[in-house]
Amino acid sequence: AFHGFREDVPADFAAFTEQEASWLPEYALFMAIKAHFDDRPWLEWPADIRLHQPQALAHYRELLSLDVQFHCFLQYVFHEQWQKLRAYAHENGVKIIGDVPIYVPLDSADVWAHPELFELDERLNPRRVAGVPPDLFSSTGQLWGNPLYNWEEMHRTGYKWWLQRIGKSKENYDMLRIDHFRAFDTYYAIPFGHKTAENGVWEKGPGMELFNAIRNDLGDVNIIAEDLGDIFDSVRELLRNTGFPGMRVLQFGFNPENKDNEHLPHNYKPNSIVYTSTHDSQTVCEQIMDICSEPEKQFAYRYLRTSHAEAMGWSAIKCVWASSANIAMTTLQDLLSLGADSRMNTPATIGGKNWRWRVRAEALNPTVSSMLGEITKTYMRG
């Protein structure tokens, strides 16, 4: 396809590369150099190109010009296909939520091209890395390993990098879910080289200054704040000040002793995005049947009003659909009332069965679609 493309370059290709000039040239060069060095991390490249020296950049742009153009071609094709898909979705009344992870990998074009925007030492290794402290789900915390932002430098540049990132996401999606929103208020910093997340410290993030910059530059952006986990009062205040909807997850509410649990539907606020479960959690059926204690299980049965006449996942969906939250969501696994063998992802683990679950075509049958349609119409969410 690329060779055919080179023989007859589309008229709008130059306009595309110009439109994406803030990131595409550096990204395409990064990918070409990475392949040239057998996919080794950029920290293992020769010093001149590792340090982004102008003479080295010019050398590799010339040496790898065909490979650079190939990666621009890939992005062009993806852009064309994505816009067609998005237009088709819109024609059918479907909007798309894009996920914006708060951090980027160390071995990325962003960190290589803009090391000054991250907490790196003189050798370009991270000084500290991202994660979260120990909690009920992990006794040693979660050590993600992403480099942390140099928020002082971000501030000095007027948050240009973030404006470009959010602006590009706004072009591609109808709504953006910012993962780990709490880190804009306070983020957890773990010394580089530590094997667990037990010895980190909380640091102050950019707060409203960043979101004011986004609003001033990009106007209103439909943002969902993923505000789950260990949340301080200051995080709640930041969320109120932004006006963004937060997230609530039904299965986190099955605690009969906690009457004010914010994850139970009768406590949902309208400005919320609510879920039966998420891609990072157990399915509703697994949570209730295999994880909950007996008192929690009995509470869940009573709250969901489950019976032998209805699949447990449908009971959960009805409960969330009937809430006052403006947007209610479910997973395909909960729609099909699946259990532990269909979990999508287990946080803080790599490999294994993560992200490998797929739905069988026969599972999406008229019975399932009519039930979802009936629930949606009943609770006026169509």
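Predicted model: local features only at pLDDT ≥ 70, side-chain atom pairs only at ≥ 80, totals over all residues.
Figure 1. Let us take W112 as our example and look at its surroundings. Leaving out residues up to four places away in sequence, W112 touches E26, L29, F30, I33, W42, W45, I49, R50, H52 and L57.

**Figure 2. Helices α14 and α16 packed together.** Two packed helices are described by the angle between their axes and the distance between the axes. For helix α14 (residues 312-321) and helix α16 (residues 366-378), the angle is about 25 degrees and the axes lie 10 Å apart. Angles under 35 degrees count as roughly parallel, so α14 is roughly parallel to α16. The crossing of the two helices is right-handed. Which residues make the contact? From α14 come W314, I317, K318 and W321, while α16 brings T367, V368, M371, L372, I375 and T376. Sorted by type, the residues of this contact are 7 nonpolar, 2 polar and 1 charged.

**Figure 3. Q282, a buried residue in a loop.** Find Q282 in the loop that runs between β9 (272-275) and α12 (284-291). Is Q282 buried or exposed? Its relative accessible area is 18%, and buried means under 20%, so Q282 counts as buried. Setting aside neighbours within four places in sequence, Q282 is in contact with Q251, S277, Q287, I291 and R343.

**Figure 4. Two loop residues with a positive phi.** Most residues other than glycine have a negative phi. L124 is not a glycine, yet its phi is positive, at about 70 degrees. You will find L124 in the loop between α7 (109-113) and β2 (128-132). With a relative accessible area of 12%, L124 is buried. S337 is not a glycine either, and its phi is positive too, at about 55 degrees. The place to look for S337 is the loop between α15 (332-335) and α16. How accessible is S337? Its relative accessibility is 22%, so S337 counts as partly exposed.

**Figure 5. T140 and its contacts from elsewhere in the chain.** T140 sits in the loop between β2 and β3 (142-147). With a relative accessible area of 31%, T140 is partly exposed. What does T140 touch, once residues up to four places away in sequence are not counted? Its contacts are P134, T196, A197 and E198. Look at T196 in particular: T140 and T196 are 56 residues apart along the chain, and their C-alpha atoms are separated by 5.9 Å.

Figure 6. D99 belongs to strand β1 (residues 97-100). At 42% relative accessibility, D99 counts as partly exposed. How far apart are the C-alpha atoms of D99 and E20? They are separated by 20 Å, and the two residues are 79 residues apart along the chain.

Note on methods: Residues numbered from 1 in each chain as written. Heavy atoms only, no water. Axes fitted to C-alpha atoms, helices over the stretch in contact; angles between N-to-C directions. Helix = DSSP H or I, 4+ residues; strand = E, 2+ residues; numbered from the N terminus. Parallel < 35°, antiparallel > 145°, perpendicular 65-115°, else oblique. Left-handed = near helix turned anticlockwise from the far one by under 90°. Contact = heavy atoms within 4.5 Å. Nonpolar A, V, L, I, M, F, W, Y, C, P; charged D, E, K, R; others polar. Buried < 20%, exposed > 50% of the residue type's maximum accessible area, 1.4 Å probe, protein only.
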